[in-house]
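I opened the model to look up its chains, helices, strands and contacts. My notes follow in the order I took them.

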Amino acid sequence: MKIVKRLLSLGLLLAFVPTPALASSLVVDLSSNQIEITTNFTGTNLLLFGAIDRKGDVVVVVRGPLRPEVVRRKERVAGIWINRVAVTFEAVPGYNFVASSRPLDQIASEETLRRLQIGSERLHLQPVDPANKALASTFRKGLIDLKKRKALYSGKPGKVLIRSEKLFRADLKFPSNVPTGSYTAEIYHFSDGKAVSVSRTKLSVQKAGVEAAIYNYAHDHSAIYGIVAILIALFAGWLGGVVFRKA
Amino acid sequence: MDLYFPIAEMSINVLLLLALGGGVGILSGMFGVGGGFLMTPLLIFIGVPPAVAVGTEANQVVAASVSGALAHWRRGNVDFKMGFILLIGGFFGSTFGVWIFTKLRALGYIDIVISLCFVTFLGIVGGLMVAEGARSWLRSRSSKPVSTKKLHQHTWLHGLPFKMRFRRSKLYISALLPLSIGVFVGILSAIMGVGGGFIMVPAMIYLLGMPTSVVVGTSLFQIIFVTANVTFLQSVNNQTVDVLLALVLVISSVIGAQFGTAFGSKLKSEQLRALLGILVLAVGCKVGFDLIVTPAHLFSFAVTGGH
């Protein structure tokens, strides 16, 4: 019933938010701002919905968490494939999802899309070491292709459905391997090839329950974690021996 | 039914894991091996990151060797003095091994080194087992008398200093021998996530000349401590020990091992040994094949700078 509540609050927002004179008004909300990864997590969908005040297109980009990533390429050495060359990129989104009401090239010019980093191929990924430009561009492409194959980056954009030129909704898909961290959802309202309005919403993906407890303990108290892991194993081994000796 | 494993950071079908753990458990019960040398590559095959497979397996082997070592201890089949010397070596070896592991991981070479170690050792051990099985099968057909050897030959190894008496093993040898075997197996244990019994046992028989009755118990005794050390150091340095994954594997392999022990006593050991050898070779070949075949993805990525 969370969604109903949210829809109600959206209705209230629509009623009371004053409209700026020039920019269009864009109202957006998410079915939830938090994704919890629990033991039976196999991916999830969030519902994004909102309203625009005039005819146009809507593009949704969900991006996060931004971290430096090292990209390695395997090369054949003495018959064996080994990681040889590595390029590190600054602030790579672990996840990049795009949805649009029409194909992107019909909504805005390539230049605009590139400036706003809409579409996985248009992400501004900068190598930490700017010396090897040529290498960086191959590795950038390799990284984006790989992330697409792992369903972490959108290839073809998902659907944004617009009802009666006002209300819109989109399903945001998060696969089971979605990285934990903080995300930003950017919602663009395009009219005649221009972004007339943009709205940003934060959301987070976190491990929860037992998963979170184990993961956090492993990282924050790694020595105690190691000792507990050993004790569990010692106990399990002893128990196994005792139980089955009687049988 | 899928479960999400917090350190492996992936969901894996639990039934598949139970089948793998149970299967390896049956084999370990049948042959008295720890099973780490099969389980780690199998985990890698189903997509667990190799570093996590190694850390988690070390944890599982602790459990597997405890129940085995207890059983041997009750029958008086553990040479504690020898075990202690081996484990001093194993302690240093595994500590050094985890240090190498951490360095190689930062450089992006750990996956390839793990695979190369498995190809090498699975190949050697599997090959020897198959050869041994074939030889004894031929021998039983021709029914020639088995040539009797001396308990152990004296070589230059027996001229080394720091001699010690090991009463339970009826040996008077240099402590440097078990110490260096311990170091070597300890390094492998850290890098491959195995107990190392498959190398330790032949080394004890052929290099040290220990009586076979105490070999397995003593090996298991020191494996508990060496794999515990690996579990601890992998947890501290790399956070690659998934206790949840280890627990699922422990439960299934302990149960499997009980069936394995029952099967094992009913079947002919030479044929079994040859069969296990073929299986070990097959896993080794698969690891090797994956190294040679052109990978689907040439690129890989990793988040740097930790969490």
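**Entry 1: ground rules.** I count a residue as buried if 20 or more other C-beta atoms lie within 10 Å of its own, as exposed if 12 or fewer do, and as partly exposed in between, with C-beta atoms placed from the backbone. This is a predicted model: local features need pLDDT of at least 70, side-chain atom pairs count only at pLDDT 80 or more, and totals for chains, interfaces and linings use all residues. Residues are numbered from 1 along each chain as its sequence is written, and chains are lettered from A and ligands numbered from 1 in the order in which they are written. Helices (H or I, at least four residues) and strands (E, at least two) are DSSP runs, numbered from the N terminus.

**Entry 2: helices of chain B.** I started with α1(B), residues 14-31. Its 18 residues should span 26 Å at 1.5 Å a residue, and the end C-alpha atoms are 25 Å apart, so the two agree. For the expected span I take 1.5 Å times one less than the number of residues. Buried residues in α1(B) include Leu17(B), Leu20(B), Val24(B), Ile26(B) and Met30(B). Glycines are on that list too, among them Gly21(B), Gly22(B), Gly25(B) and Gly29(B).

Next I took α4(B), residues 80-107. It has 28 residues and reaches 39 Å from its first C-alpha to its last, close to the 40 Å expected. Its buried residues include Met82(B), Ile85(B), Leu86(B), Gly93(B), Gly97(B) and Phe101(B). What do the buried residues of α4(B) pack against? They pack against α5 (110-142), β3 (163-166), α6 (176-192) and α8 (212-238) of chain B. Here a contact means that the C-beta atoms of two residues, placed from the backbone, lie within 7 Å. Gly108(B) follows α4(B) and has a positive phi, near 85 degrees.

Then came α5(B). Its 33 residues should span 48 Å at 1.5 Å a residue, and its end C-alpha atoms are 48 Å apart, which agrees. Ile110(B), Phe118(B), Leu122(B), Gly126(B) and Met129(B) are among its buried residues.

**Entry 3: chain A overall.** I found six helices and 10 strands in chain A. Of its 247 residues, 32% count as buried. Among contacts in chain A with a separation of 6 or more, 69% join residues 24 or more positions apart. Chain A is divided into domain 1 (2-204) and domain 2 (208-247), with bounds from an automatic or database domain assignment.

**Entry 4: strands of chain A.** I call two strands paired if DSSP finds at least two bridges between them. β4(A) and β9(A), residues 181-191, run antiparallel and are joined by seven bridges. Ala185(A) in β9(A) is the bridge partner of Val62(A). β9(A) also pairs antiparallel with β10(A), residues 194-207, over 11 bridges. There His189(A) has Ser197(A) as its bridge partner. The hairpin of β9(A) and β10(A) has two residues between the strands, and Asp192(A) in it takes a positive phi near 50 degrees.

I also checked Ala134(A), which lies in helix α4 of chain A. Is Ala134(A) buried or exposed? It counts as exposed, because it has 7 C-beta neighbours inside 10 Å. Ala134(A) and His189(A) are 55 residues apart along the chain, and their C-alpha atoms are separated by 35 Å.

**Entry 5: where A meets B.** The contact takes 48 residues from chain A and 46 residues from chain B. On the chain A side, α6(A) gives the largest share, 16 residues. By class, that side has 25 nonpolar, 15 polar and eight charged residues. Ala, Val, Leu, Ile, Met, Phe, Trp, Tyr, Cys and Pro count as nonpolar, Asp, Glu, Lys and Arg as charged, and the others, Gly among them, as polar. Strands cross the boundary too: β4(A) and β5(B), residues 299-303, pair in the antiparallel sense over five bridges. Glu69(A) stands opposite Val303(B) there.

**Entry 6: the core.** A nonpolar core is a set of buried Ala, Val, Leu, Ile, Met, Phe, Trp, Tyr and Cys residues joined through C-beta atoms within 7 Å. Which members of the largest one, with 148 residues, touch the most other members? They are Val60(A) and Ile224(B). The largest share of this core, 13 residues, comes from α8(B). Leaving out residues up to four places away in sequence, Ile224(B) touches Val62(B), Ser65(B), Val66(B) and Ala69(B).
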